[in-house]
Amino acid sequence: MNRRNLIKSSTLVGLGMAVPEEIIKRKKHNFTFSLNTSTIREQNLGLIGEMECAAKAGYDAIEIWMNTLQKYKDAGGNLADVRKRAADLNLKIADCIGFPKWIIDDKVEREKSLEQTKKEMGMLAEIGCPRVAAPPFGAQTLPQKIDLGAVTERFAKLQAIGDEAGVIPQLEMWGFSTNLHLLGEVLYVAAETGHKNALVLSDIYHLHKGGSSFNSLQMLNGKGLQMFHVNDYPKEPPRETIVDGDRIFPGDGIAPLAQVFKELNSKNVPIILSLELFNKTYWKMDALVAAKTGLEKMKASVNKAIG
């Protein structure tokens with residue numbers, strides 16, 4: 001709000017007149033909020049049930065899982081109905097969590113996985129999902145690192161498939177993985193593909209687990225970032241032994257959330273913050289309660305950081 005509008009709004013209030021919405025409405029951040037269905041996956045709501053839960057809890061978007069979408073389709077579900085239901089709920093299907101083995105050394109198995117990925121991306125295009133996560137699945141427990149040049153070539157092939165389908169793969173770092181566990185590694189691969197829509201997908205937990213400095217987010221250009229996974233972690237267990245299930249609601253742990261949200265907000269681009277948890281305690285909660293609690297804590301953490 002600039003000085004002129006401030007004076008104008010103060011004058012209108014003094015005269016007992018309504019203040020125009022464009023004057024009183026001040027955007028504090030560039031975020032919208034999504035629910036990654038990992039957070040409520042053990043409640044077994046099914047695809048449509050998860051969408052309805054996210055919408056009822058107040059989320060702007062949802063990150064679905066490919067196995068849930070496939071299960072819906074295999075049971076006779078119509079993909080066009082998914083798209084329509086999302087529109088009716090005013091809910092964006094922001095991303096899909098899939099596990100293509102695009103990175104592995106075995107060429108035959110890799111090509112087979114890419115063929116399956118084509119089919120999966122086709123399904124995502126039908127439901128209006130513009131992105132899919134691309135973690136280093138299949139190379140997370142290898143005893144050695146794959147050369148980043150080879151990783152770049154392989155990710156470029158995945159990007160090409162995405163171009164045909166109209167779905168953008170987001171190169172995802174996994175902090176526990178032998179390969180692509182550092183933000184710098186992910187940034188290198190994304191940059192070296194030369195793709196104009198190269199995207200990376202990072203995560204508070206994975207930055208911590210992988211040992212990347214949170215200062216490294218300064219190196220991430222806003223054009224390469226559309227989504228970010230949100231969670232928190234406790235003081236114990238230590239980084240070396242912490243696992244996915246130890247993730248907790250934002251604000252309940254010791255992660256530098258204020259630093260993260262301030263840095264992301266400074267990119268000056270729309271970013272979807274998606275709550276991604278695998279906590280067994282939350283899986284025992286009513287799904288709507290867990291989803292609402294997560295959204296409230298995520299928004300509170302953003303508001304505390306941004307002001």
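**Reading the model**

Author: Begin with the rings. Trp-65, Phe-99, Phe-137, Trp-174, Phe-176 and Phe-278 are linked by ring pairs into a cluster. Keep in mind that this is a predicted model.

Reader: How many aromatic pairs are there by this rule?

Author: The count is eight aromatic pairs. To read one, take the distance between ring centres and the angle between planes. Planes under 30 degrees apart count as stacked, over 60 as edge-to-face, and the rest as tilted. Now try Trp-65 and Phe-99. Their ring centres are 5.6 Å apart and their planes meet at 55°, so this pair is tilted.

Reader: Where in the chain do the two partners of that pair lie?

Author: In distant parts of the chain. Trp-65 is in strand 2 (residues 61–65). Phe-99 is in the loop between strand 3 (92–97) and helix 6 (107–127). The two are 34 residues apart.

Reader: Is Trp-65 buried or exposed?

Author: Buried means under 20%, exposed means over 50%, and partly exposed is in between. Trp-65 has 9% relative accessibility, so it counts as buried. Phe-99 has 33%, so it counts as partly exposed.

Reader: What share of the 307 residues in the protein is buried?

Author: Buried residues make up 52% of them.

Reader: How many helices and strands does the protein have?

Author: There are 12 helices and eight strands. The C-alpha atoms fill a box of roughly 75 × 45 × 40 Å along the principal axes.

Reader: What do contacts tell me about the chain?

Author: Look at how far apart the partners are in sequence. Take the contacts with a separation of 6 or more: 79% of them are between residues 24 or more positions apart. Leu-199 gives you a case to look at. This residue lies in strand 6 (residues 199–203). Leaving out residues up to four places away in sequence, Leu-199 touches Ile-168, Pro-169, Gln-170, Leu-171, Lys-223, Gly-224, Leu-225 and Gln-226. Its relative accessible area is 1%, so Leu-199 is buried.

Reader: How far apart in space are Leu-199 and Gly-253?

Author: They are 28 Å apart, C-alpha to C-alpha, and 54 residues apart in sequence.

Reader: Where do Asn-44 and Leu-180 lie?

Author: Asn-44 is in the loop between strand 1 (31–36) and helix 3 (46–57). Leu-180 is in the loop between strand 5 (168–172) and helix 8 (183–192). Now apply the burial rule again. Asn-44 is exposed, at 62% relative accessible area. Leu-180 is buried, at 2%.

Reader: How many positive and negative side chains does the protein have?

Author: Count both sets, then compare their centres. There are 39 positive and 36 negative side chains. The centres of the two sets lie 6 Å apart.

Terms used. Residues are numbered from 1 along each chain as its sequence is written. This is a predicted model: local features need pLDDT of at least 70, side-chain atom pairs count only at pLDDT 80 or more; totals for chains, interfaces and linings use all residues. Side-chain values use heavy atoms; hydrogens and water are left out. Helices (H or I, at least four residues) and strands (E, at least two) are DSSP runs, numbered from the N terminus. Buried means under 20% relative accessible area, exposed over 50%, partly exposed in between (1.4 Å probe, protein chains only). Contact means heavy atoms within 4.5 Å. Lys and Arg count as positive and Asp and Glu as negative; His and the chain ends are not counted. The place of a charge is taken as NZ of Lys, CZ of Arg, CG of Asp or CD of Glu. Rings of Phe, Tyr and Trp (its six-membered ring) pair if their centres lie within 6.5 Å; planes under 30 degrees apart count as stacked, over 60 as edge-to-face and the rest as tilted.
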